[in-house]
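Please have the model open as you read.

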Amino acid sequence: MPTILTPAPADSPGLSDKFGRQATDLRISLIDKCNLRCTYCMPADGLAWLPKSKLLTLEEITRIVRIGVRDLGVRELRLTGGEPLVRVDLAQIIAAVRTEHPELPISLTTNGVGLAKKAAALAEAGLTRINVSLDTLHAETFAKLTRRDHIDSVFAGIDAALAADLLPVKINAVLMRGINDEQAPELLAWALERGLELRFIEQMPLDADHVWRKDNMVTAADLRAYLETRFRLSPDTKPRDGAPAERFLVSALADPDTILGAVGIIASVSEPFCADCKRTRITAEGKVMSCLFSREETDLSALLRDGSDDQAIAERWRAAMWGKPRAHGMDHTGLGSKDFVQSDRSMSAIGG
């Protein structure tokens, strides 16, 4: 049964919700397909991909961005997947958006496989910066986590992103207990040496196999304890302004006054930040997900394809965001609580 949407009040700004939040960070998934099979996201095999006819087209993506920026207060764009590098028209999508919005920050989240060949072209098309997923520096651990042997390709992609000035290059890492959790200080040292900003992300209940357990995840507190065996962490005093990562300045234990760089920790489970969420997500087939953990979706693709005008699309989008839940797809925070119901979608099908 389709969800009955309550229209957003006419006097509410942009993509507001009932709890006083306004979404200004638009994340669009370009494709659900991925060339890795990370254990915390996808099953080993058997996941059906969306047919090409269901995916948003270049024209539909640029129209969504146009409506968001012009009419609804969107101020930054993140392109995600799946793996967005799998989209053959990725550079064209970026170029089309950049032509219409010369000042809009456009970032990309990728696993880095194939990035070495594409980074320069993406920068030329107008990409602002990039996030690359890398959970370990060790080939054996990488293969265990991703079920693929592509770590050298990821390293080459990171080097190419740096060479193309897609700065700051951020590294996203998920820690899994007993697999790569104790490698956290080593990964941070490597990132600092290369001028990369590492962001650790708590494992969330978005795995296709539904085996996530709160009592077995590496929490932000666990992570800080690992890092503080080798580094001193000082909270960054700059306003967080809705950013998912809590940022820390990093220095050596022996020289606490010399800042080596920064590290971010995204603690969606143990230290949730839902009250300051500013994100709105569009899936690869054109559905609004107001919350990463919501089980309700609002379709925009039908309006994009039936001749509806921009105002109709904007109003449905506003209604979808007006119905955004308070936290974690519920009326309270609590991933792993008794009343939390995991989405049928994995992270690859939602978009980061």
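1. Start with the lining of the second largest cavity. By class, this lining has nine nonpolar, one polar and one charged residues. Keep in mind throughout that this is a predicted model.

2. Which residues form that lining? The second largest cavity is lined by A173, V174, L175, F200, I201, E202, V218, T219, A220, L223 and I265. The space inside is about 60 Å³. In total, the structure holds two cavities of 30 Å³ or more.

3. L223 lines the second largest cavity. L223 also belongs to the contact between α6 and α7, where A184, P185 and L188 of α6 meet L223, Y226 and L227 of α7. Sort the contact residues by class and you get six nonpolar, no polar and no charged.

4. How do these two helices cross? The axes of α6 (residues 184-193) and α7 (residues 220-227) come within 8 Å and cross at roughly 70 degrees. An angle from 65 to 115 degrees counts as roughly perpendicular. The two helices are therefore roughly perpendicular to each other. Their crossing is right-handed.

5. Now the open spaces. The largest pocket has a volume of about 690 Å³. Its lining counts 27 residues, and the closest to the pocket centre are K170, R240, D241, A243 and P244. By class, the lining of the largest pocket has 16 charged, seven nonpolar and four polar residues.

6. Which strands supply the lining of the largest pocket? At least two residues each come from β3 (25-29), β4 (76-80), β8 (197-201) and β10 (246-252). The largest share, three residues, comes from β4.

7. To recap the classes: the lining of the largest pocket includes 16 charged residues. The lining of the second largest cavity has one, and the contact of α6 with α7 has none.

Definitions and conventions: Residues numbered from 1 in each chain as written. Predicted model: local features only at pLDDT ≥ 70, side-chain atom pairs only at ≥ 80, totals over all residues. Heavy atoms only, no water. Axes fitted to C-alpha atoms, helices over the stretch in contact; angles between N-to-C directions. Helix = DSSP H or I, 4+ residues; strand = E, 2+ residues; numbered from the N terminus. Parallel < 35°, antiparallel > 145°, perpendicular 65-115°, else oblique. Left-handed = near helix turned anticlockwise from the far one by under 90°. Contact = heavy atoms within 4.5 Å. Nonpolar A, V, L, I, M, F, W, Y, C, P; charged D, E, K, R; others polar. 1 Å grid on protein atoms, 1.4 Å probe; cavity = no way out; pocket = protein on both sides within 12 Å on 5 of 7 lines; lining within 4 Å. Points joined across faces, edges and corners; volume = space filled by probe spheres on them.
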